[in-house]
Amino acid sequence: MQPDLFPLLQDPALQQAIASINGATMPLSEARIPALDRGFLFGDAVYEVLRVYRGRPWLFNEHMQRLAYSLGEIHLAGINLDRLRQRILQVLAQSGFAEAMVYIQITRGAAPRRHPFPAGAVPLELFYVQEFDDPYIEARRAGVQAMTFPDLRWQRCDIKSTNLLGNVLARQAAAERGCTEALFCRPDGTVSEGTHTSLFAVASGRLITPPRGTAILPGITRSTILSLAGRLQVATEERPLFQSQLRSFTELFVTGTTSEVLPVVAVDGAAIGNRQPGPITRRMQEAYREMVSGEY
Ligand code: PDD
């Protein structure tokens, strides 16, 4: 018997969570991955995070499409995404969770440790479903502090890869400074996104977000916010945001599947606007909430 390597898994929410590995379901605390899995050894894996509201996976199609894109970009073929989707719905129904999160990760599977793709490896399809106790309620109301941090990541941030060390180091630096999010600054002077969120700014009443490309993840909440802004007749622009301009924006917010719309009221200690969530941020928060609760 191994010593207990997973003391943090004693958390009650995780005790209830259900995992599925290539179709076999088990309590998450009992899920085990082979030591030679390439996701573990090389970060040779992609992932998705979905939110479940009132028992239904939110923007399920969009997340599965992005997963298909990530799989395609890392040349990981042969994953049956329809079957994966059915399995997620089954496990979710079995869990009985209404407010939940689904984490999905596909790796190139276990093989002798050599860099090229292994012939004949069976990809590992892991997902787990966990009840979601929203940690951002107060942060959405009051807004959060953020800091800037160098973007140390690789050059394909459009792929949702599990290589997240650049994100982890930035988010840890933020935590050590009492900040909720770190915003990535690139050598060209632009600010691209957060460690796990997309970035929006407001200037002259217009909502601005960096353009799609290899520097950012194409956030699903980001595109939802852009289309909601269109419906609300808030002008939008997809263009680079520069670090030197940050303090001149009247509002700033970040978006993500679990964060939703999170106002940023200070960056590197300097106030954004009057250090309160601004009017466009509030409108976007409300519209997003209405959409989630089915009023759109
Ligand atoms: N993060 N940018 C990065 C780098 C992200 O990791 C994420 C999502 C986003 C927002 O994307 P979306 O709106 O599709 O969630 C932007 C997930 C939630 C995570 O790693 O936990």
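**Strands, burial and pockets**

Guide: Strand β14 (residues 251-256) and β15 are joined by 4 bridges and run antiparallel. This is a predicted model, in which local features need pLDDT of at least 70 and side-chain atom pairs count only at pLDDT 80 or more, while totals for chains, interfaces and linings use all residues. Residues are numbered from 1 along each chain as its sequence is written, and side-chain values use heavy atoms, with hydrogens and water left out.

Visitor: Which way does strand β7 run relative to β15?
Guide: Strand β7 (residues 144-150) runs parallel to β15, with 3 bridges between them, and Gln 145 stands opposite Ala 266. Strand β16 (residues 270-271) is joined to β15 by 2 bridges and runs antiparallel; the hairpin of β15 and β16 has 2 residues between the strands, and Asp 268 in the turn has a positive phi of about 50°.

Visitor: Why is Ser 20 called buried?
Guide: Buried means under 20% relative accessible area, exposed over 50%, and partly exposed in between, with a 1.4 Å probe and protein chains only. Ser 20, found in strand β1 (residues 18-21), has a relative accessible area of 2%, so Ser 20 is buried. In strand β15 (residues 260-267), 8 of its 8 residues are buried.

Visitor: How do you know that Ser 20 touches Phe 127?
Guide: Contact means heavy atoms within 4.5 Å, and, leaving aside residues up to four places away in sequence, Ser 20 touches Thr 25, Val 91, Glu 125, Leu 126 and Phe 127.

Visitor: What is the make-up of the lining of the largest pocket, by class?
Guide: The lining has 16 nonpolar, 19 polar and 5 charged residues, where Ala, Val, Leu, Ile, Met, Phe, Trp, Tyr, Cys and Pro count as nonpolar, Asp, Glu, Lys and Arg as charged, and the others, Gly among them, as polar. The largest share of this lining, 5 residues, comes from α6.

Definitions and conventions: Two strands pair if DSSP finds at least two bridges between them.
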